[in-house]
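Please load the model in your viewer and keep the selection panel at hand. The tour below goes from one selection to the next and says what is found at each stop.

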Amino acid sequence: MSKGVKGGKGLCAPEERDELRVANQRYIRYIREKTNQLLEVMGTESLRPEEFDDRALIDLDPIGIIADSFAQVLEFLNQNISELRQAKEELQAIFDATGVGISIIDNDFTIQRCNEKQRQLLVDPNLADVAGRYCYEVYCNKQSPGMDCPAVDTFATGRPAFVREVKKKEKYFQVVTTPYARGEDGEVHKVIEVSLDITEKKKAEAAEKEQREHYLTEKSKLATVIESLSEGLLVLDPSDRVVACNRAAREITARTERRLLGRALGELFPALVPLLARDEPVQGEDVAYQPEKRGELLLFTNISRLLDTEGRSIGRVVTFWDITEDKKRRELYHRTEKLAAIGQLSAGVAHELNTPLGSILGYARLLMKDKGLAPKQHERLAIIAEQAKKSSAIIQALLSFARHAGQGQQVAKACDLNEIINAALQILTTELVKRKIELRLELEPLPLIVADPRGLEQVVINLVLNAAQAIGSRGRIVIRTRQEGGRVVLAVADNGPGIPLEARSRIFDPFYTTKPLGEGTGLGLSICAGIVGDSGGSMEVADTPGGGATFLVSLAGQVAGQP
């Protein structure tokens, strides 16, 4: 370089100057190429010849620039290495502090490294280092990888794998494995395994399942108990609409579950509407209920509040059972007791009165034979004799009542109720024809029953005569028989004026009558009820469609031929 300068001052030979010029140009081209290469690495456009001539390029000192640039690059690299080290430390802290176990495992199933959570979950505390050990030995206490290990799938398929539940060392985990490093052939050489401890969740699920099964078992027991209750049960919501019912409720109300659920209680039991207005519980109320296509029932009813765990009212519980037959039996029992007591009294009274009445009637008839009596006297004696005869008839009725009110007076044997009816009607034909009353028989074939045939005949005669007297004349009487299970039912219906509602509770009481004075003693139906009761049956009165009254006799005696 210096030689070239000296040559420029005429100190060198021309040949040396030419060689020096060529060398300088070659040197300048080298500097330009390396400078452009450095600029390209730095992302800067290359130098164009017009930007720097050779003299300017030499004055620029590119070697110094390159040295400075390398110093800057070194400083930059040192800074990046520091940041990478810091990032590595942060990642390591996150790696160790995360709430899931993390391991790096190679394709020999050896552990490369694991975080602190993984050590807490599955590594024996006495084991200082796990690197290089088999994961299935350290984590699972096994001799080889299990079929439930997701790492097996990831190494085989190269895709992430997930196991929802796997058991390791009496703990339960959800495990995910994902590829971490691949070789040049694309095969997975390492995987990251992430383990989430679900042991507590598993225990909670098991406890919940056990509790649910216990709840379902208890619910099934309660449902069975409720269904087996002989009393009807309805559960109401806060609006008093039915939300649940049991078998007895469906049977008593003669409604299906579909026809009960969602219905307002007031629609089902109108008689309960006043009781629903009460805030206090309802205990032991007798409520009338009219089911479809059946006679009226009397229900013994309780209503109580249904409360939640905090004591707030969420509805009501209604229980009820049919006491219709029980009430009839109680009434029959009390009536029988009264009949027995009155029968004993009547027998004594009849015995004491029969003798003097016989004497009165005898002397009256004897005096009436006297030819010397005045017409007025004869008329008065006739009145005495007639009244004595009526008194005697009353006494005979008392004696008949006393006989049927006593025990052990009937003679029971196998008999056909239809034959008894036909026999009784032979006696009544004249009376019915005289009154111009139509008699209709609807008798179904019946099994033989064990009862007192003479007593039942008296019952039929009395019921038909009562119906004829209620009609007066030009009416209709229908006699029906049918079998209901093991019972035989007799129905005597008329189209007369019927029986007032207030009189029905006393219609079978002794000496109670709705007939005009002098036309009845009030003992006929009492005697009939006693006869039917002695036969193990029951007797009741009901309305007849279209007007009139219907007397129903249900005989519960044994069917002949059965034990």
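Select residues 417-434 for α15 and 453-471 for α16, whose axes come within 9 Å and cross at roughly 40 degrees; the axes are lines fitted to C-alpha atoms, for helices over the stretch in contact, and angles run from 0 to 180 degrees between N-to-C directions. The crossing is right-handed, a term used when the near helix is turned clockwise from the far one by less than a right angle, with anticlockwise giving left-handed.

Next, show the side chains at the contact, which on α15 include Leu 417, Ile 420, Ala 424 and Leu 428, and on α16 include Pro 453, Leu 456, Val 460 and Val 464; contact here means heavy atoms within 4.5 Å. By class, this contact has 14 nonpolar, no polar and two charged residues, where Ala, Val, Leu, Ile, Met, Phe, Trp, Tyr, Cys and Pro count as nonpolar, Asp, Glu, Lys and Arg as charged, and the others, Gly among them, as polar. Glu 431 of α15 and Glu 457 of α16 are among the residues that make the contact.

A note on conventions belongs here: this is a predicted model, in which local features need pLDDT of at least 70 and side-chain atom pairs count only at pLDDT 80 or more, while totals for chains, interfaces and linings use all residues. Residues are numbered from 1 along each chain as its sequence is written, and side-chain values use heavy atoms, with hydrogens and water left out.

Zoom out to the whole chain, which has 17 helices and 17 strands; helices (H or I, at least four residues) and strands (E, at least two) are DSSP runs, numbered from the N terminus. Of the 563 residues in the chain, 34% are buried, where buried means under 20% relative accessible area, exposed over 50%, and partly exposed in between (1.4 Å probe, protein chains only). Among contacts between residues at least 6 apart in sequence, 53% join residues at least 24 apart.

Now select residues 101-106, strand β1, in which six of six residues are buried. In a regular strand the side chains alternate between the two faces of the sheet. Here both faces are covered, with Gly 101, Ser 103 and Ile 105 buried on one side and Ile 102, Ile 104 and Asp 106 buried on the other.

Glu 193 is buried, with a relative accessible area of 3%, and the residues it touches include Tyr 139, Lys 168 and Val 175.

Colour by phi for the next stops. Most residues other than glycine have a negative phi, and most peptide bonds are trans. Phe 109, in the hairpin of β1 and β2 with its four residues between the strands, takes a positive phi near 65 degrees. Glu 170 also has a positive phi, near 65 degrees; Glu 170 lies in the loop between β3 (161-168) and β4 (171-182) and counts as exposed at 63% relative accessibility. Ala 254, with a positive phi of about 60 degrees, is found in the loop between α9 (247-253) and α10 (257-260) and is partly exposed, at 33%.

Move on to the open sheet of five strands, ordered β7-β6-β10-β9-β8 with antiparallel pairing. β7 (242-245) and β8 (282-289) stand at the edges, each with a single partner strand, so one side of each is left without a neighbour in the sheet. Neighbouring strands are turned by 30 degrees against each other on average, direction ignored. Within this sheet, nine bridges join β9 (residues 297-307) to β10 (residues 313-322), and Asn 302 has Thr 319 as its bridge partner in β10.

Finish at Pro 500, in the loop between β15 (487-494) and α17 (524-534), where its C-alpha atom is separated by 9.8 Å from that of Ala 549, 49 residues apart along the chain.

Notes: Pairing = 2+ DSSP bridges. Lists of a residue's contacts leave out its neighbours within four places in sequence.
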